[in-house]
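Dear colleague,

Please find below the structure I promised to hand over. My notes on it follow directly after.

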Amino acid sequence: MRRNAFIAGIVAALAGCALNAPPAPDEFRPQALPNLTVPEQWAEKGGAGGAVADGWLANFNDPRLEALVRDALLYNPDLQVAAARMEQAAGYVKLAGATLYPQVNLLARGGGAMSGDSSGLEGVGVFASWELDLWGRVRAGREAAQLQYASVALDVLYATQSIAAMVAKSWFLATESRLQKAAAEEMLLSAERLASLARDRLRVGKGDEYDVAQAQASVQTYRDAVQQLDLSYRQSLRAIETLIGRYPAAAIEVPSQLAAKPGPVPVGMPSELLERRPDIVAAERRIALAFYRTEEAKAARLPRISLTAAVTSISSELFVLKDRDNPVWSAGGSLVAPIYLGGALQSQVEIRTAEQKQAVAEYGRVGARAFGEVEGALSSGFTLEQRAAILVQAVAENERALELANVRYRVGSGDLRAVQQQQLAVYGARISLLRVRSEQLVQRVNLHLALGGGWTN
């Protein structure tokens, strides 16, 4: 009879209550995004048709940039912290599932007459216990731990994509800073030539002190601009070195020209974004995680039933033990049922339920932000394309006007102020065009990151 009851208990434990499934995305998305209707196509122009593809970094055709990204993924401190958290989450998965299996312990005692209590007892015993997870408390905890690991792994994946994007954008911005500095140095040389011309005109009696003072003041202004841009350039180099884990010595070298803007990007459909971006999928996993934490808290209110078994062998050098079988085998069970804990268990259920609501709200926040990032990157890219075409023409017209102003000043039909003003116009147009071209590359990277495309295939 006892053996039959023991077997029946084992069967009941193995058959325990099946876990409820967490809510499907179609169930919680209306709650997470109650005022957002996902369109069939993106609202902004600028993207190409087709599915989102990985390997966007290779489109810039810059092996040095690709090498820096690989270094960043190996040595970036933030990614190392994220990887350690992932290892911790993997450990919690093992820990949460450990109580699903029998717990076996060994107790031994020796020493005979020399034992501390003078009993002379010595022996060994093996004790086993197994909680029957009838209500799914332990299994719910294990599912929660597995989902925690999955969400952390997705966070690490998105962090690697973000670091790759940050390195690429920092690379382009550092190149822009180098080119801005070069443009300022070119304008400084032009201002110095103009100052020399003003002094020559004064010497031959065609100019005056006012023109010379103006020209020399302009030279100092451009010298100051060069110093500022040199500092900005070195700071941008340090930003890259920090990202890739190197000492920030501003020793890295960037290209002397900006990369060519790649062709149109396949953007897919908006509805696919919620299933592709790692940070959104991680938020979805956390909803399921919170669900199982709630199920675990509910099951904790129910009785806990455990099976126990032991085998022991005891002897003594000082006492004659009563005749008995040696070793001794035993088996039994235990039940622990909470009766009154001051509402602690119900409070835990309420806390977990609130955490589940928070997870749903967080999913909505991440999803809405993702849609905004894609539309913003598309809009910026389209506008920057139009601005670049306008600024190319503006630079050409201003350079032509500067040539004419210089000619008029040399022949005496124009004054120095007109030349200086036109110099500033040329410089401003060139810097604006450089800024737009750099921003085009930055927004292209932002678009890839917003779409959830990986930097490598």
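Arg203 and Asp200 form a salt bridge through their side chains, with N and O 2.3 Å apart. Both residues belong to helix α5, where they are 3 residues apart, about one turn of the helix. Arg203 is exposed, at 61% relative accessibility, whereas Asp200 is partly exposed, at 29%. Please bear in mind that the model is a predicted one.

The structure contains 24 salt bridges in total. Another of them joins the side chains of Glu192 and Arg223, at an N to O distance of 3.3 Å. This pair connects distant parts of the chain: Glu192 is in helix α5 (residues 137–203) and Arg223 is in helix α6 (residues 209–243), 31 residues apart. Glu192 has a relative accessible area of 28% and is therefore classed as partly exposed. Arg223, at 38% relative accessibility, is also partly exposed.

Glu373 pairs with Arg277, and the closest N and O atoms of the two are 2.7 Å apart. Here too the bridge links distant parts of the chain, since Glu373 sits in helix α9 (residues 344–411) and Arg277 in the loop between α7 (270–276) and α8 (278–299), 96 residues apart. Glu373 is partly exposed, with a relative accessible area of 31%. Arg277 has a relative accessibility of 0%, so this residue counts as buried, the cut-off for that class being under 20%. The pair also belongs to a network: salt bridges with shared partners join Arg277, Asp279, Arg369 and Glu373.

Lastly, I draw your attention to Tyr409. This residue is located in helix α9. Is Tyr409 buried or exposed? Tyr409 counts as buried, because its relative accessibility is 0%. Leaving aside residues up to four places away in sequence, Tyr409 is in contact with Leu194, Leu197, Ala198, Arg201, Asp211, Gly414, Asp415, Leu416 and Val419. How far apart are Tyr409 and Arg70 in space? Their C-alpha atoms are 54 Å apart, and the two residues are 339 residues apart in sequence.

With kind regards

Note on methods: Residues numbered from 1 in each chain as written. Predicted model: local features only at pLDDT ≥ 70, side-chain atom pairs only at ≥ 80, totals over all residues. Heavy atoms only, no water. Salt bridge = Lys/Arg side-chain N within 4 Å of Asp/Glu carboxyl O. Helix = DSSP H or I, 4+ residues; strand = E, 2+ residues; numbered from the N terminus. Buried < 20%, exposed > 50% of the residue type's maximum accessible area, 1.4 Å probe, protein only. Contact = heavy atoms within 4.5 Å.
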